[in-house]
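Welcome, and please open the model in your viewer. We will walk through its charged side-chain pairs, one selection at a time.

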Amino acid sequence: MKVTVCKEYELSERPLVVETDFGRIAVLRKDGEVLAFEDVCTHDDGPLAEGEIEGDSIVCPRHGASFDMKKGTALRMPATEGIATFTAVIRDGQVEVEID
Ligand code: FES
């Protein structure tokens, strides 16, 4: 299912958090791509979008776990489980995220 999360002009290199029926989703522009991922750390529900970006990964501001923003893989403890990532496209000035 496609969910419209924001307007294209709202995208930046910092994650924008959008509340959806499927939970909080963070979207950002990174190297010309639009990335979208679940804004909930699998360690203890930390707000990932508030964390620092290091290359393609984001660091949870609570205890320092990091996740690949494209693949969702957990890269650093204390998280061991990955996060969900979503395909995002821009259509008619809107950002749409594909949710399974
Ligand atoms: S809640 Fe994210 S590392 Fe603990």
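A salt bridge here is a side-chain nitrogen of Lys or Arg within 4 Å of a carboxyl oxygen of Asp or Glu. By that rule there are nine salt bridges. This is a predicted model, in which local features need pLDDT of at least 70, side-chain atom pairs count only at pLDDT 80 or more, and totals for chains, interfaces and linings use all residues. Residues are numbered from 1 along each chain as its sequence is written, and side-chain values use heavy atoms, with hydrogens and water left out.

Start by selecting Glu98 and Lys2, whose side chains form a salt bridge at 3.1 Å, N to O. Glu98 sits in strand 10 (residues 94-98) and Lys2 in strand 1 (residues 2-7), 96 residues apart; strands (E, at least two residues) are DSSP runs, numbered from the N terminus. Glu98 is partly exposed at 28% relative accessible area, and Lys2 is partly exposed at 48%. Buried means under 20%, exposed over 50%, and partly exposed in between (1.4 Å probe, protein chains only).

Next, select Arg62 and Asp44: the closest N and O atoms of this salt bridge are 3.2 Å apart. Arg62 lies in the loop between strands 6 (57-59) and 7 (66-68), and Asp44 in the loop between strands 4 (33-38) and 5 (53-54), so the pair ties together parts 18 residues apart in sequence.

Finally, pick Lys70 and Asp56, which meet in a salt bridge at 3.5 Å, N to O.

Technical notes: Helices (H or I, at least four residues) and strands (E, at least two) are DSSP runs, numbered from the N terminus.
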